[in-house]
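Here is a short briefing on one structure, grouped by topic.

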Amino acid sequence: MAEKILIASGKGGVGKSTFSVFLAKNLAGKDKKVLVIDSDTGLGSLDILFGVPDKVVNSWADVIADGCDAKQAVLEISTNLYLMPSPRFFEGEIPDDIFKNITRQLDDEYDVVIIDASAGIDDNLKRCAYACDRAIFVATADEISVRCAASAAIEVQKHGILYDDMRIVINRYVKKAALKSKLLNIDGVIDKTGISLLGILPEDKKVPFMSVTNDTPSSKSVFIGAVDRIADRMLGKNVPLNFKKFK
Ligand SMILES: Nc1ncnc2c1ncn2[C@@H]1O[C@H](COP(=O)(O)OP(=O)(O)O)[C@@H](O)[C@H]1O
Ligand SMILES: [Mg+2]
């Protein structure tokens with residue numbers, strides 16, 4: 001059975017989709033067969049981030065509207081890496097169990113299913129949480145993002161994911177800014193959310209421009225190294241934060 005992982009935050013623009021993409025690529029490179037589901041109706045970005053916007057034919061809306069098989073809504077990106085895009089427009093009712101239904105159909109096909117949640121503490125977060133075994137919250141190290149992650153975690157818990165099965169990833173971390181008290185420190189984020197730390201991703205200057213330039217951080221970058229260590233931790237390895245390399 002696939003391990004089903006929710007990537008959530010409550011707040012928008014903190015790096016859920018970016019993290020979902022890099023995590024999925026990394027796990028696929030570690031021989032895991034990975035499906036990423038873009039849950040964000042109308043505001044989906046994963047097809048662009050994966051560089052396949054012209055290849056999208058179906059989305060999970062076809063599973064609702066036409067009763068098409070979940071498999072038919074899956075797009076192969078590369079070896080071991082698959083995407084189920086979100087619809088650009090959808091006006092019908094989205095069933096509460098849409099993602100649960102989809103993951104149930106595809107459970108035997110993948111090792112890992114990542115569901116990239118939309119922003120908000122709403123019905124979509126509920127639908128995503130309901131389909132997942134565990135959750136990773138992405139937050140930047142500021143009061144607003146951290147409060148939103150804490151609120152999202154309370155909501156996610158209501159839909160069946162235990163705090164023990166939640167982790168937090170701190171994104172866009174700049175050590176110097178934290179030292180000058182312009183960002184929260186790591187302990188502050190953990191204390192304010194009550195969620196154990198999975199990893200820290202640094203600010204990377206290439207990441208915001210990727211969708212235009214197609215130029216991604218190099219495999220030797222601190223950012224990719226941090227993603228790699230997060231993926232290893234998820235696979236049960238005990239790896240250090242390697243925090244010395246952060247600026
Ligand atoms: N580690 C990072 N360094 C620099 N920019 C980042 C980083 N992570 C995300 N971003 C940028 O932040 C913005 C929001 O990221 P996105 O993944 O779309 O957030 P979300 O899915 O939470 O709304 C994008 O412009 C993205 O390129
Ligand atoms: Mg997103």
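Asp 215 is partly exposed, at a relative accessible area of 38%. Its partner is Lys 206: the two form a salt bridge, with the closest N and O atoms 3.5 Å apart. Lys 206 is partly exposed as well, at 33% relative accessibility. The model is predicted.

**Salt bridges**

- Side chains of opposite charge can pair when their charged atoms come close.
- The structure holds 11 salt bridges.
- One of them joins the side chains of Glu 3 and Arg 134, at 2.6 Å from N to O.
- Glu 3 sits in strand 1 (residues 3-8) and Arg 134 in strand 6 (residues 134-140), so this pair ties together parts that are 131 residues apart in sequence.
- Glu 3 is partly exposed, with a relative accessible area of 32%.
- Asp 232 pairs with Lys 237 in a salt bridge, and their closest N and O atoms are 3.8 Å apart.
- Is Asp 232 buried or exposed? Asp 232 counts as buried, because its relative accessibility is 9% and the cut-off for buried is under 20%.
- Which residues are joined into one network by salt bridges that share partners? They are Lys 30, Asp 228, Asp 232 and Lys 237.

**Helix 1 against helix 10**

- Two packed helices are described by the angle between their axes and the distance between the axes.
- Helix 1 (residues 16-29) packs on helix 10 (residues 222-234) at an angle of about 65°, and the axes are 9 Å apart.
- That angle makes helix 1 roughly perpendicular to helix 10, because 65 to 115 degrees counts as roughly perpendicular.
- The crossing of helix 1 and helix 10 is right-handed.
- From helix 1, the contact takes in Thr 18, Phe 19, Phe 22, Leu 23, Asn 26 and Leu 27.
- From helix 10, they meet Phe 223, Ile 224, Val 227, Asp 228, Ile 230, Ala 231 and Met 234.
- By class, the contact of helix 1 with helix 10 has 10 nonpolar, 2 polar and 1 charged residues.

**Helix 4 against helix 5**

- The axes of helix 4 (residues 98-106) and helix 5 (residues 123-130) come within 7 Å and cross at roughly 25°.
- Helix 4 is therefore roughly parallel to helix 5, because angles under 35 degrees count as roughly parallel.
- Helix 4 passes helix 5 in a right-handed crossing.
- Ile 98, Phe 99 and Lys 100 of helix 4 meet Asn 124, Arg 127, Cys 128 and Tyr 130 of helix 5.
- The contact of helix 4 with helix 5 has 4 nonpolar, 1 polar and 2 charged residues.

**Helix 6 against helix 8**

- Helix 6 (residues 143-158) and helix 8 (residues 186-193) pack at about 35°, with axes 9 Å apart.
- The crossing of helix 6 with helix 8 is right-handed.
- Glu 143, Val 146, Ala 149 and Ala 150 make the contact from helix 6, and Val 189, Lys 192 and Thr 193 make it from helix 8.
- The residues of this contact divide into 4 nonpolar, 1 polar and 2 charged.

**Leu 46**

- Leu 46 lies in helix 2 (residues 46-49).
- Leu 46 counts as buried, at 0% relative accessibility.
- Which residues does Leu 46 touch, not counting those up to four places away in sequence? They are Ser 17, Val 21, Val 36, Ile 37, Asp 38, Leu 83 and Asp 116.
- The C-alpha atoms of Leu 46 and Thr 79 are separated by 17 Å, and these residues are 33 apart along the chain.

**Positive phi**

- Most residues other than glycine have a negative phi.
- Asp 31 is not a glycine, yet has a positive phi of about 70°.
- Asp 31 is placed in the loop between helix 1 and strand 2 (34-38).
- Asp 31 is exposed, with a relative accessible area of 64%.
- Asn 214, not a glycine either, has a positive phi of about 60°.
- Where does Asn 214 lie? Asn 214 lies in the loop between helix 9 (210-213) and helix 10.
- Asn 214 is exposed, with a relative accessible area of 61%.

Key: Residues are numbered from 1 along each chain as its sequence is written. Chains are lettered from A and ligands numbered from 1 in the order in which they are written. This is a predicted model: local features need pLDDT of at least 70, side-chain atom pairs count only at pLDDT 80 or more; totals for chains, interfaces and linings use all residues. Side-chain values use heavy atoms; hydrogens and water are left out. A salt bridge is a side-chain nitrogen of Lys or Arg within 4 Å of a carboxyl oxygen of Asp or Glu. Helices (H or I, at least four residues) and strands (E, at least two) are DSSP runs, numbered from the N terminus. Buried means under 20% relative accessible area, exposed over 50%, partly exposed in between (1.4 Å probe, protein chains only). Axes are lines fitted to C-alpha atoms, for helices over the stretch in contact, and angles run from 0 to 180 degrees between N-to-C directions. Angles under 35 degrees count as roughly parallel, over 145 as roughly antiparallel, 65 to 115 as roughly perpendicular and the rest as oblique. A crossing is left-handed if the near helix is turned anticlockwise from the far one by less than a right angle, and right-handed if clockwise. Contact means heavy atoms within 4.5 Å. Ala, Val, Leu, Ile, Met, Phe, Trp, Tyr, Cys and Pro count as nonpolar, Asp, Glu, Lys and Arg as charged, and the others, Gly among them, as polar.
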